[in-house]
Amino acid sequence: MKKSTLRIRFVRLNDFGVHLLVKAKINGKAANMLIDTGASNTVFDKTRISLFLPKETLKAYEKLSTGLGTSSMKSESAMIRKLEFGDLVIVGYKAVILDLSHVNHSYKSMKMKPIDGVLGGDILKSYAAVIDYGKKTLLIVDPAVAKEKKKSSGKKKKR
């Protein structure tokens with residue numbers, strides 16, 4: 001994979017702004033992900049993850065998670081065999097599992113589909129993601145390609 005371009009769906013939240021949603025696959029099954037550039041990590045909903053993983057695969061996570069309106073939240077972890085965003089395939093992703101029921105409760109009250117997780121900064125940064133609001137796309141670049149491009153742009157031309 002050199003580059004993968006994903007369609008973003010903009011969802012208006014009453015008078016409270018816009019959420020950006022993108023399709024993904026978790027272990028081959030379609031998933032609905034919220035893009036959050038302010039989230040440090042990609043996380044998955046504790047209730048909805050059971051659609052993709054056996055419940056017994058969840059393990060207590062040693063650290064408390066912060067954010068999402070709280071200073072400390074109990075979390076779990078699980079290994080996702082295959083996580084896909086368009087042509088990007090991440091094998092063996094160690095996922096953080098949180099209770100995102102407050103988000104899904106709000107979505108339900110607005111007659112929206114629930115989210116399965118939040119696509120956060122760890123993946124967005126690792127894959128040099130670029131959001132194009134005008135085109136409603138998310139561009140993801142293979143890290144090897146991004147490094148090579150950076151190296152070649154850093155070389156000075158001889159005159």
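A residue is termed buried when its relative accessible area is under 20%, exposed when it is over 50% and partly exposed in between (1.4 Å probe, protein chains only). The structure is a predicted model, in which local features need pLDDT of at least 70 and side-chain atom pairs count only at pLDDT 80 or more, whereas totals for chains, interfaces and linings use all residues. Residues are numbered from 1 along each chain as its sequence is written, and side-chain values use heavy atoms, with hydrogens and water left out.

The chain averages a pLDDT (the predictor's confidence in each residue, from 0 to 100) of 85, and 81% of the residues score at least 70. Three helices and 12 strands are present in the chain; helices (H or I, at least four residues) and strands (E, at least two) are DSSP runs, numbered from the N terminus. Confidence is highest in strand β3 (residues 29-35), at a mean of 98, and lowest in strand β6 (residues 65-67), at 50.

Of the 159 residues in the chain, 38% are buried. Among contacts (heavy atoms within 4.5 Å) with a separation of 6 or more, 60% are made by residues 24 or more positions apart.

Three salt bridges are held by the structure, a salt bridge being a side-chain nitrogen of Lys or Arg within 4 Å of a carboxyl oxygen of Asp or Glu. In one of them, E76 pairs with K46, with 3.4 Å between the closest N and O atoms. Because E76 lies in strand β8 (residues 76-85) and K46 in the loop between β4 (43-45) and β5 (59-60), this pair ties together parts that are 30 residues apart in sequence. E76 counts as buried, at 19% relative accessibility, whereas K46, at 42%, counts as partly exposed.

A salt bridge is also formed between D116 and R48, whose closest N and O atoms are 2.6 Å apart. D116 lies in the loop between α1 (101-109) and β10 (117-119) and R48 in the loop between β4 and β5, so that parts 68 residues apart in sequence are tied together by the pair. D116 is buried, at 3% relative accessibility, while R48 is partly exposed, with a relative accessible area of 23%.

The salt bridge of E84 with K82 has its closest N and O atoms 4.0 Å apart. Here E84 counts as buried, at 14% relative accessibility, and K82 is partly exposed, with a relative accessible area of 36%.
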